[in-house]
Amino acid sequence: MKAETNMLLMSPAREGNSRATGVHQLDIETGKVVTEWKFEKDGTNITMQDIANGSKGAQLDPSESTFLGLDDNTLCRWDLRDQRGIVQNIAIEMESPVLQWTQGHQFSKGTNFRCFATTGDGSIVVGSLNGKIRLYSDCSMRVAKTAFPGLGSPITHVDVTFDGKWVLGTTDTFLILISTVFKDKDGREMTGFRGRRGHRIAAPRLLKLTPLDSHMAGTNNKFRGGQFSWVTDNGKRERHLVATFGNFSVIWNFQQVKDSNHECYKNQEGLKSCYCYRIVPRDESIVDSRFMHEKFAVSDSPEAPLVVATPMKVSSFSVSSRRH
């Protein structure tokens, strides 16, 4: 955050627990933790299982002071500005300052949120344990504008395009690509973040491995971290999707998979699945695969390289030019 000079780090409350009672604010240039913040609402300590930027690309903004938090039944916005107006010095301060709850909602039960992501304008997509994907506008976290019912498989990761028109959900065995665009009763095009789609929901596209590739990757492996290439400007178009599966980075051409006339879909009934992808193998299990920001595109490629992290190595790969 803060023009990428700071980083927020979450630590679990105790070993084996994925939830955290607060965040550590790290100064990237010095490598030191400058502040430790705790989560609190109405005088009660609470936990969070995930945090995210307030909008896609907000980490590039030097003045941004808020971020989003997620727990099983909670979606909220936190503010790093201490209401006491005090900049904490860890060496002499005994009590961590409290993050300010500025917006959000604690649902009574049953939402089972697992992951979330934001669009360029701050709209929010949330994935759930029961497979449901909810779309919230940047104005309200209480009621989802649109809820996709899901296919029963837990959503472990979500991403969304900068313009909010496409959502990508990750499950253990497939990715689900959803168009959020529809036309209202007056014929105006809008997204499910802004209006209620109801029966106008388009059928999602499923992205899967072929049985042979799935077998080669190993029966115990799962899809993880499905993401679009990283675009943070209006009018720019994401070009690829990437997810990890064991030792594989699996890359889809975004233009191809969203095209309803794509070859894969022609002879399929019901939900359409796409098996047209490219695999980038590594010698060991991949921790994560992500595209660099578009400004890092190399001269002979229209897109920034893909960064692949394994337990002992980080390498980059140019999708278009085949350069490593």
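Modeller: Asp 288 is partly exposed, its relative accessible area being 23%. This is a predicted model, and in it Asp 288 pairs with Arg 290 in a salt bridge whose closest N and O atoms lie 2.9 Å apart. Arg 290 is likewise partly exposed, at 43%.

A second salt bridge joins the side chains of Glu 294 and Lys 236, with 3.5 Å from N to O. Glu 294 sits in the loop between β25 (288-291) and β26 (306-310), and Lys 236 in the loop between β20 (223-228) and β21 (240-245), so this pair ties together parts that are 58 residues apart in sequence. Glu 294 has a relative accessible area of 18% and is therefore buried, because the limit for that class is under 20%. Lys 236, by contrast, is partly exposed at 41%.

A further salt bridge connects the side chains of Asp 121 and Arg 194, at 2.8 Å from N to O. It links distant parts of the chain, 73 residues apart: Asp 121 belongs to the loop between β10 (113-118) and β11 (124-128), while Arg 194 belongs to the loop between β18 (189-191) and β19 (205-207). Asp 121 is partly exposed, with a relative accessible area of 42%, and Arg 194 is also partly exposed, at 36%.

Elsewhere, salt bridges form a network that links Arg 19, Asp 71, Asp 72 and Arg 114. Over the whole structure, the search finds 13 salt bridges.

Note on methods:
Residues numbered from 1 in each chain as written. Predicted model: local features only at pLDDT ≥ 70, side-chain atom pairs only at ≥ 80, totals over all residues. Heavy atoms only, no water. Salt bridge = Lys/Arg side-chain N within 4 Å of Asp/Glu carboxyl O. Helix = DSSP H or I, 4+ residues; strand = E, 2+ residues; numbered from the N terminus. Buried < 20%, exposed > 50% of the residue type's maximum accessible area, 1.4 Å probe, protein only.
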